[in-house]
Amino acid sequence: MSYINISSKSIHYELSGKGEALLLLQGNTAASVVFQDTGDIQYFSKNHCVILLDFHGTGKSSRLNTWSVDWYAQAAADAYEVLN
């Protein structure tokens, strides 16, 4: 398991395959585990480096005591940092 620390949060991410980066994002506050049974990882990892992440407060990432009103903006910033 891989983690990156962003603004005092531990963000879980996974890489699969090789090639140009492809970030798969799950909807709302779901965890990246939703992609485990869809076949998307296997399909796209043939030609891409597939990146999955658990947004803060979801999946294997740091838990939240409260959900902030700007959660979506923070989640976008987290995704940007994982890509970099």
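## Basis of the description

Because the model is predicted, local features need pLDDT of at least 70 and side-chain atom pairs count only at pLDDT 80 or more, while totals for chains, interfaces and linings use all residues. Residues are numbered from 1 along each chain as its sequence is written, and side-chain values use heavy atoms, with hydrogens and water left out.

## Nonpolar cores

The largest nonpolar core has nine residues, namely I6, I11, I51, L53, F55, W71, A75, A79 and V82; such a core is a set of buried Ala, Val, Leu, Ile, Met, Phe, Trp, Tyr and Cys residues joined through side-chain atoms within 4.5 Å. Two or more of its residues come from each of β4 (48-53) and α2 (71-83), and α2 gives the most, with four. Helices (H or I, at least four residues) and strands (E, at least two) are DSSP runs, numbered from the N terminus. Apart from this core lies another, of five residues, among them L24, F35, I41 and L52.

Within the largest core, I6 touches I11, D78, E81 and V82, not counting residues up to four places away in sequence, where contact means heavy atoms within 4.5 Å.

## Two serines in loops

S45 lies in the loop between α1 (40-44) and β4 and is buried, with a relative accessible area of 18%; buried means under 20% relative accessible area, exposed over 50%, and partly exposed in between (1.4 Å probe, protein chains only). Not counting residues up to four places away in sequence, S45 touches S16, G17, K18 and V50.

S62, in the loop between β4 and α2, counts as partly exposed at 23% relative accessibility. Leaving aside neighbours within four places in sequence, S62 is in contact with K9, S10, H56 and G57, and a polar atom of the S62 side chain lies 2.7 Å from the backbone nitrogen of S10. S62 and I11 are 51 residues apart in sequence, yet 6.5 Å apart in space, C-alpha to C-alpha.

## Aromatic pairs

The whole structure holds four aromatic pairs, defined for rings of Phe, Tyr and Trp (its six-membered ring) with centres within 6.5 Å, where planes under 30 degrees apart count as stacked, over 60 as edge-to-face and the rest as tilted. The rings of Y43 and F44 have centres 5.0 Å apart and planes at 80°, so this pair is edge-to-face; Y43 is exposed at 54% relative accessibility, whereas F44 is partly exposed at 28%.

F55 and W71 also form an edge-to-face pair, 5.6 Å centre to centre with 80° between the planes. Because F55 lies in the loop between β4 and α2 and W71 in helix α2, the pair ties together parts that are 16 residues apart in sequence. Both residues are buried, and ring pairs link F55, W67, W71 and Y72 into a cluster.

Note on methods
A polar contact is a pair of N or O atoms within 3.5 Å; within protein, one must be able to donate a hydrogen and the other to accept it, and residues adjacent in sequence count only if both atoms are side-chain atoms.
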